[in-house]
Amino acid sequence: MNIVEKFLKYVSYDTTSFDETSSLEKASSDEQYKLADLLEKELKELGGEEIYINKFGSVHTYFPGNISREPIFLNAHMDTSSSASGKNIKPRIIKNYDGKDIKLNENTIMEVKEFPSLKKSIGHSLIVTDGTTLLGGDDKAGIAIIMDMLEYFIKNKIDHSPIEVVFSTDEEIGLGAEHIDVDKLHSKIGFTIDGGDINYVSIENFNAASMIVNIQGRSIHPGSAKDKMINAINVGMEFHTSLPRFMRPEDTENREGFYHITNFEGNEEFSKLEYIIREHDANKLNCMIDYANLAGKRINELYKKDIVEVKINKSYKNMKDIVIQHPEVLELVNKMYEKENLTYELEPIRGGTDGANLTFKGLICPNLGTGDYNCHGRFEYVDIDQMIVMSKMLTHLFE
């Protein structure tokens with residue numbers, strides 16, 4: 001199978017991960033195990049060694065090769081985001097894209113003016129959705145790229161240095177690195193293949209925290225509520241609007257941090273708000289956390305009751321400070337791009353990555369792109385030409 005056929009097969013599996021069903025014993029969705037079984041079978045056919053699926057569904061394998069050199073680790077994740085449906089995906093291939101708006105269905109058009117990244121793909125072949133689901137390029141494009149690279153070496157009997165691969169689960173809910181048996185790995189450096197434009201390499205990511213705000217109100221019949229009711233919904237809105245208005249994802253870019261509300265539920269008696277907080281600078285993240293705590297404190301002082309509880313959990317840190325201590329990693333990146341006569345820029349990830357958590361576990365792991373754009377939604381598309389180029393570039397790591 002070529003790289004496109006691989007990709008189309010992988011996205012036919014609905015591998016949505018769900019935060020509310022995560023546990024310490026298994027992956028958050030059973031469908032991830034089904035894709036794991038398929039990948040295990042394909043890796044065995046390629047002659048991989050030490051192949052196994054752990055209890056979380058992550059697939060580990062090792063190709064020792066015949067060039068004596070330190071192994072390099074590659075990772076892509078099997079799960080997709082729950083932000084949009086991953087069921088019954090109906091991908092469509094557009095050959096020799098002409099640069100115009102793309103009609104996904106009768107009611108949905110992907111307009112170039114809204115998605116200018118499309119201009120870079122003029123003349124390329126694209127895979128798009130039917131406008132009702134996500135595509136799954138995040139990160140099945142990464143899986144297809146790695147499998148295509150492995151097949152190049154194995155089926156053509158080309159000499160290579162040791163290759164270590166893990167296809168992981170539950171990355172989208174922040175557990176991907178936790179589902180990898182780091183203590184069993186041979187490698188000390190590696191790459192996550194999980195991102196957008198292949199002309200960008202990421203060695204830094206957001207520092208991250210999650211925040212839950214619980215609000216205990218007091219429900220009273222509205223007819224006699226004066227000076228008695230504390231409407232938890234209104235208090236929740238007060239808390240939300242107390243945070244800086246222009247520190248939201250829709251108003252920030254590059255290294256600018258944000259508060260992002262992901263859920264708001266409840267009634268007059270009790271409400272809960274859920275947030276993620278992101279900032280590349282750790283000190284600035286701490287200031288944002290302090291500000292959120294202060295907002296809760298001031299509201300409690302206003303109502304003269306402890307009605308607002310702010311609970312914050314730090315989830316991952318920026319890997320940059322560690323990665324820059326290992327120049328050999330960027331030397332490998334330089335080699336890859338020089339071999340293909342391409343250039344790249346270092347781009348901070350406005351999000352998290354399993355590579356960050358792996359880096360803090362001792363496996364230095366920046367991120368490489370896949371040609372996937374607009375992930376987590378109906379307007380997701382994959383640039384096939386970029387996938388092919390990245391597959392070729394990965395081979396230079398092991399030559």
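## The loop at His376

His376 sits in the loop between strand 17 (372–373) and strand 18 (381–383). The model is predicted. Here His376 has a positive phi of about 75°, although it is not a glycine. Most residues other than glycine have a negative phi. His376 is partly exposed, because its relative accessible area is 30%.

## The chain as a whole

The protein chain holds 9 helices and 18 strands. Its radius of gyration is 23 Å, close to the 21 Å that the globule rule gives for 399 residues, so the chain is as compact as a globular protein of that length. Along the principal axes, its C-alpha atoms fill a box of roughly 80 × 50 × 40 Å.

Of the 399 residues, 51% are buried. The accessible surface comes to about 18,400 Å², and 49% of that belongs to carbon and sulfur atoms. Take the contacts between residues at least 6 apart in sequence: 77% of them join residues at least 24 apart.

## Helix 2 and its cover

Helix 2 covers residues 31–45, which makes 15 residues. From its first C-alpha to its last, helix 2 reaches 22 Å, close to the 21 Å expected at 1.5 Å a residue. Its buried residues are Gln32, Leu35, Ala36, Leu38, Leu39, Glu40, Glu42 and Leu43. An α-helix has 3.6 residues a turn, so residues three or four places apart point the same way. Leu35 and Leu39 are among the buried residues of helix 2.

What covers these buried residues? The cover includes helix 1 (3–11), strand 1 (49–53), strand 2 (59–63), helix 3 and strand 8. After helix 2 comes Gly47, with a positive phi near 90°.

## Helix 3 and the residue after it

Helix 3 spans residues 137–155. At 1.5 Å a residue, its 19 residues should span 27 Å; the end C-alpha atoms are 25 Å apart, which agrees. Helix 3 is mostly covered, with 15 of its 19 residues buried. A cis peptide bond joins Asp138 and Asp139, with omega about 15°. Asp139 is in helix 3. Most peptide bonds are trans.

Is Lys157 buried or exposed? Lys157 counts as exposed, because its relative accessibility is 76% and the cut-off for exposed is over 50%.

Gly355 is placed in helix 8 (residues 354–360). At 0% relative accessibility, Gly355 counts as buried. Which residues does Gly355 touch? Leaving out residues up to four places away in sequence, Gly355 touches Thr192, Met319, Leu363 and Cys365. Ser202 is 153 residues from Gly355 along the chain, and their C-alpha atoms are separated by 9.9 Å.

## A nonpolar patch

Ile233, Met237 and Phe264 form a nonpolar patch on the surface. Together they have about 230 Å² of accessible area. Met237 belongs to helix 4 (residues 232–242). With a relative accessible area of 40%, Met237 is partly exposed.

## Salt bridges

The count of salt bridges comes to 19. One of them is between the side chains of Lys361 and Glu178, at 3.7 Å from N to O. Lys361 lies in the loop between helix 8 and strand 16 (367–368), and Glu178 in the loop between strand 8 and strand 9 (190–193), so the pair ties together parts that are 183 residues apart in sequence. Lys361 is partly exposed at 40% relative accessible area. Glu178 is partly exposed at 44%.

Glu274 forms a salt bridge with Lys272, with the closest N and O atoms 3.5 Å apart. Glu274 is partly exposed at 24%, and Lys272 is partly exposed at 22%. Glu340 and Lys392 also meet in a salt bridge, at 3.6 Å from N to O. Glu340 lies in the loop between helix 7 (327–339) and strand 15 (345–346), while Lys392 is in helix 9 (residues 384–395), so this pair ties together parts that are 52 residues apart in sequence. Glu340 counts as partly exposed at 23%. Lys392 is partly exposed at 38%. Elsewhere, salt bridges that share partners join Lys6, Glu151 and Lys155 into one network.

Key:
Residues are numbered from 1 along each chain as its sequence is written. This is a predicted model: local features need pLDDT of at least 70, side-chain atom pairs count only at pLDDT 80 or more; totals for chains, interfaces and linings use all residues. Side-chain values use heavy atoms; hydrogens and water are left out. Helices (H or I, at least four residues) and strands (E, at least two) are DSSP runs, numbered from the N terminus. The expected span of a helix is 1.5 Å times one less than its number of residues. Buried means under 20% relative accessible area, exposed over 50%, partly exposed in between (1.4 Å probe, protein chains only). Patches are made of residues with over 30% relative accessible area and no salt bridge: like charges are joined within 9 Å, nonpolar side chains (Val, Leu, Ile, Met, Phe, Trp, Tyr) within 5 Å. Accessible areas come from the Shrake-Rupley method with a 1.4 Å probe; for residues, only the protein chains shown count as cover. A salt bridge is a side-chain nitrogen of Lys or Arg within 4 Å of a carboxyl oxygen of Asp or Glu. Contact means heavy atoms within 4.5 Å. The radius of gyration is taken over C-alpha atoms; the globule rule is 2.2 Å times the number of residues to the power 0.38.
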